[in-house]
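Morning, everyone. Please look at the screen while I talk.

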Amino acid sequence: MTDREPVSLKVDDFDVDGAVREALERMPRSRFLGRTMAAGAAALGAVVVWPALASAEANSNDITILNFALALEYLQASFYTEAERIGALRGALAHQANVVGMHERAHVKAFKQLLGSAAIKEPSFNFHGVTENADAFRSTAVAFEDLATAAYKEQAPLIKSKSYLAGALAIHSVEARHAAWIRRLAGFLPAAHAFDDPLSDAKVVDIVNSTHFVTLKAPQTSMETNPHFTG
Amino acid sequence: MVKGALPRIESADQRGGPVVRVSRATLLKGSVAGVGALAGAAIGGAELAASADSSGSAATDREILTFGLLIERLQAAFYGAALAGGHLTGEARQFAQVVGAEEQAHVKYLTAALGSSAGPSPHFRFGDSATDPAKFIATAISLEETGLGVYNGQAVSLTPKTLAAAARVVSVEARHAAWARAIAGQDPAPVAVDVPIPVAQAKQTLEPFIVQ
């Protein structure tokens with residue numbers, strides 16, 4: 001096992017088509033707050049994932065953050081699901097894809113239930129073959145999981161609702177476990193540093209865009225298109 | 001937002017340290033169950049704050065970080081004892097070296113943030129948990145998951161600034177837990193969400209390792 005950093009997905013290596021950014025820009029904002037709060041409150045009781053059954057004090061910024069998380073979970077869930085369907089992985093790697101895929105799909109379900117009608121729709125993905133061989137799968141999975149961990153870390157302190165925050169933190173540490181798991185299988189130190197750094201949403205979106213994995217924009221769920229990201 | 005800088009908690013609150021400072025006398029008193037006395041002082045207020053859905057305060061931050069420091073000190077001492085024992089080989093030994101150094105960095109980080117209210121470290125004893133390779137890895141899993149579970153549970157009571165700083169540590173604890181599980185032949189991430197660990201449960205896990 002070595003301490004070298006994995007080959008990450010670099011912005012400059014790809015054309016940036018802006019698909020993810022555009023999808024994320026369509027996140028519902030304040031004008032939908034009333035409806036969102038009702039949906040969130042209704043969903044909360046049904047979602048096992050969210051540990052605290054507090055009042056759904058959702059504000060528009062929380063909704064934006066939860067949709068941002070949902071977009072990342074869509075991306076990951078789709079990646080593992082496709083890898084499993086194609087069946088090119090063997091042994092420990094196939095097991096990792098199976099278990100982590102289940103987790104990411106559970107995260108998607110939880111966010112969708114929580115967000116109700118405010119949830120962004122799933123975009124279409126094209127993973128350009130990285131789900132079809134072990135080496136490409138490993139590198140991409142390492143990048144995705146480290147990216148998700150950093151993204152949650154940036155967003156968590158910005159969440160106002162205590163119950164949403166508790167849920168996001170419970171997922172944040174699982175993403176870190178996923179990162180450690182796949183890093184070990186890829187021959188990297190699972191915990192290479194004493195402190196994990198956060199990553200801004202703009203940088204996360206840039207990195208995701210750079211992969212060209214998102215091929216179709218999510219259908220619009222809001223009339224507002226003015227981009228505004230927190231963080 | 002200043003990333004990575006854990007605010008100096010002590011100076012942020014003029015009410016001072018005695019609220020949660022655990023004296024050596026309290027620590028050594030014994031009968032009140034070492035960690036109970038220790039963590040009870042440190043965490044009682046934090047749990048109260050959490051249930052009251054407080055938006056956090058410097059005093060609450062300090063209480064939570066004080067308990068976090070106890071866990072980090074215990075972990076750092078545990079890996080130090082395991083390496084000193086000389087019974088670890090292969091990946092378990094590498095794990096103890098890498099993770100031990102990272103726990104020491106966490107101790108330094110929290111000690112700096114807490115200033116004089118950090119107080120002295122208790123003494124620890126690990127017996128064969130640190131020296132028997134099978135017990136070592138099982139104990140490592142338990143300690144790392146206790147750490148991340150407590151952080152996850154208490155984080156909602158932190159001020160956003162301190163939460164941002166603590167989150168940089170939490171995910172590293174999660175990586176440690178996952179790595180230890182992998183070494184033990186278990187799934188590194190057994191469930192889709194990490195359920196927070198109540199402080200009372202964490203105290204039970206830590207108590208046997210603290211010298212009265």
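Start with confidence in chain A. This is a predicted model, in which local features need pLDDT of at least 70, side-chain atom pairs count only at pLDDT 80 or more, and totals for chains, interfaces and linings use all residues. The pLDDT is the predictor's confidence in each residue, from 0 to 100. Chain A averages 76, and 68% of its residues score at least 70. Residues 1–57 of chain A have a pLDDT below 50. That stretch still has 135 contacts in the model beyond near neighbours in sequence. A contact means that two C-beta atoms, placed from the backbone, lie within 7 Å. Residues 218–231 of chain A are also below 50, with 34 such contacts. Where pLDDT is low, the predicted coordinates should not be read in detail.

A word on labels. Residues are numbered from 1 along each chain as its sequence is written, and chains are lettered from A and ligands numbered from 1 in the order in which they are written.

Now the build of chain A. It has 7 helices and 2 strands. These are DSSP runs, numbered from the N terminus: helices are H or I with at least four residues, strands are E with at least two. Along the sequence the pattern reads α-α-α-α-β-α-α-α-β. Of the 231 residues in chain A, 52% are buried, with 20 or more other C-beta atoms within 10 Å of their own, those atoms being placed from the backbone.

Next, the partner. 37 residues of chain B are in contact with 38 residues of chain A. Which helix gives the largest share of chain B's side? H7(B), with 16 residues. By class, that side has 24 nonpolar, 6 polar and 7 charged residues. Nonpolar means Ala, Val, Leu, Ile, Met, Phe, Trp, Tyr, Cys and Pro; charged means Asp, Glu, Lys and Arg; the others, Gly among them, are polar.

Last, a helix pair. The axes of H6(B) and H7(B) come within 8 Å and cross at roughly 155 degrees. Axes are lines fitted to C-alpha atoms, for helices over the stretch in contact, and angles run from 0 to 180 degrees between N-to-C directions. So H6(B) is roughly antiparallel to H7(B), a term for angles over 145 degrees. Among the residues making the contact are B:Ile141 and B:Leu148 of H6(B), and B:Val170 and B:Ala177 of H7(B). By class, this contact has 12 nonpolar, 3 polar and 4 charged residues.

Methods
Parallel < 35°, antiparallel > 145°, perpendicular 65-115°, else oblique. Buried ≥ 20, exposed ≤ 12 C-beta atoms within 10 Å, placed from the backbone.
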